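User: Please take a close look at one part of this predicted model. I would like one connected account of that part and of what surrounds it.

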Amino acid sequence: MTGRGETGLFDGLPDSARLWIFGVGRSLSGEEEARLLGSVAAFLGGWKAHGRPLAALHEWVGGRFLLVAVDDRTVSPSGCSIDALVGRLRALEAEFGTEIVGGAPVWYRSGGTGGAIERVSRPVFRDRARAGLVTGETVVFDLSLERVGELRGGHFERPVRESWHRRYLAPRAPEAAPRR
């Protein structure tokens with residue numbers, strides 16, 4: 001998986017490269033993974049913005065996450081080109097019968113660092129945190145990263161206490177003032 005300081009992802013792209021992370025709603029079979037990644041590779045091979053080719057790469061992480069990055073130093077993706085990517089992924093959603101784009105679920109590991117990857121709604125995650133099933137040490141995945149450097153810096157997979165997900169943790173009771 002992508003632990004802290006992972007540097008092998010997107011070799012050849014700068015830390016400033018744009019990044020999109022898509023969580024696939026269910027585990028895919030080996031054949032489905034191959035079809036998904038082949039389709040994405042074919043799309044990215046012809047991906048253009050205003051007729052100019054984009055320098056794009058993709059990675060498949062943890063059997064659940066599709067990462068797409070673009071070196072935007074020479075050609076930046078346009079709104080239309082981003083819409084085309086999302087449209088292709090929506091077509092793949094229909095083909096595979098699972099969500100890839102949208103929904104804003106929370107992704108985390110149950111059972112510790114090497115645990116299974118779970119996908120739940122934000123209210124369910126909040127309820128699990130309130131019940132003590134999710135703690136500050138629970139590992140979460142942050143699909144909101146926007147740059148490859150954030151990914152390489154270890155911000156994709158980290159403890160709840162170090163991510164924006166901490167807002168779902170139950171508030172701690174204030175410590176009592178010492179008696180005099």
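User: Take helix H1, residues 30-45. Which of its residues are buried, which are exposed, and what covers the buried ones? Then go on to strand S6 and its partners, and to the largest pocket.

Analyst: The model is predicted, so every value here is computed from predicted coordinates.

Start with H1 itself. The helix has 16 residues. From its first C-alpha to its last it reaches 22 Å. That is close to the 22 Å expected at 1.5 Å a residue.

Now its two sides. Glu32, Leu36, Ser39, Val40, Phe43 and Leu44 are the buried residues of H1. They lie on the same side of the helix, because they cover an arc of only 130° around the axis. The other side of H1 carries exposed residues: Gly30, Glu31, Ala34, Ala42 and Gly45.

What lies over the buried side? The cover includes strand S4 (55-61), strand S5 (65-71) and helix H2 (79-96). Two of these elements deserve a residue-level look.

In S4, take alanine 55. Alanine 55 is partly exposed, with a relative accessible area of 40%. The cut-offs explain the label: buried means under 20% and exposed means over 50%, so 40% falls in between. Leaving aside neighbours within four places in sequence, alanine 55 is in contact with Leu13, Ala69, Val70 and Asp71. Its C-alpha atom is separated by 17 Å from that of valine 86.

In H2, take serine 81. Serine 81 is buried, with a relative accessible area of 3%. Leaving aside neighbours within four places in sequence, serine 81 is in contact with Trp47, Lys48, Ala49 and Leu54.

Glycine 102 sits in the loop between H2 and S6. Glycine 102 is partly exposed, at a relative accessible area of 43%. The C-alpha atoms of glycine 102 and arginine 161 are separated by 24 Å. Along the chain, glycine 102 and arginine 161 are 59 residues apart.

Next comes S6, residues 106-110. Four of its five residues are buried, so the strand is largely enclosed by the rest of the structure.

S6 pairs with S7 and with S8. Strand S7 spans residues 116-120 and runs antiparallel to S6, joined by five bridges. Within that pairing, valine 106 stands opposite valine 120. S6 and S7 form a hairpin with five residues between the strands. In this hairpin, glycine 111 takes a positive phi near 75°. Strand S8, residues 139-141, also pairs with S6 in the antiparallel sense, over two bridges. There, tryptophan 107 has phenylalanine 141 as its bridge partner.

S6 also matters for the last item, the pocket lining. The largest pocket holds about 250 Å³ of space. Of the 19 residues that line this pocket, Ile21, Ala104, Pro105, Trp107 and Leu143 are the closest to its centre. Strand S1 (18-23) and S6 are the elements that give two or more residues to the lining. S1 gives the largest share, three residues.

Key:
Residues numbered from 1 in each chain as written. Predicted model: local features only at pLDDT ≥ 70, side-chain atom pairs only at ≥ 80, totals over all residues. Heavy atoms only, no water. Expected span 1.5 Å × (residues − 1). Buried < 20%, exposed > 50% of the residue type's maximum accessible area, 1.4 Å probe, protein only. Arc of directions from axis to C-beta. Contact = heavy atoms within 4.5 Å. Pairing = 2+ DSSP bridges. 1 Å grid on protein atoms, 1.4 Å probe; cavity = no way out; pocket = protein on both sides within 12 Å on 5 of 7 lines; lining within 4 Å. Points joined across faces, edges and corners; volume = space filled by probe spheres on them.
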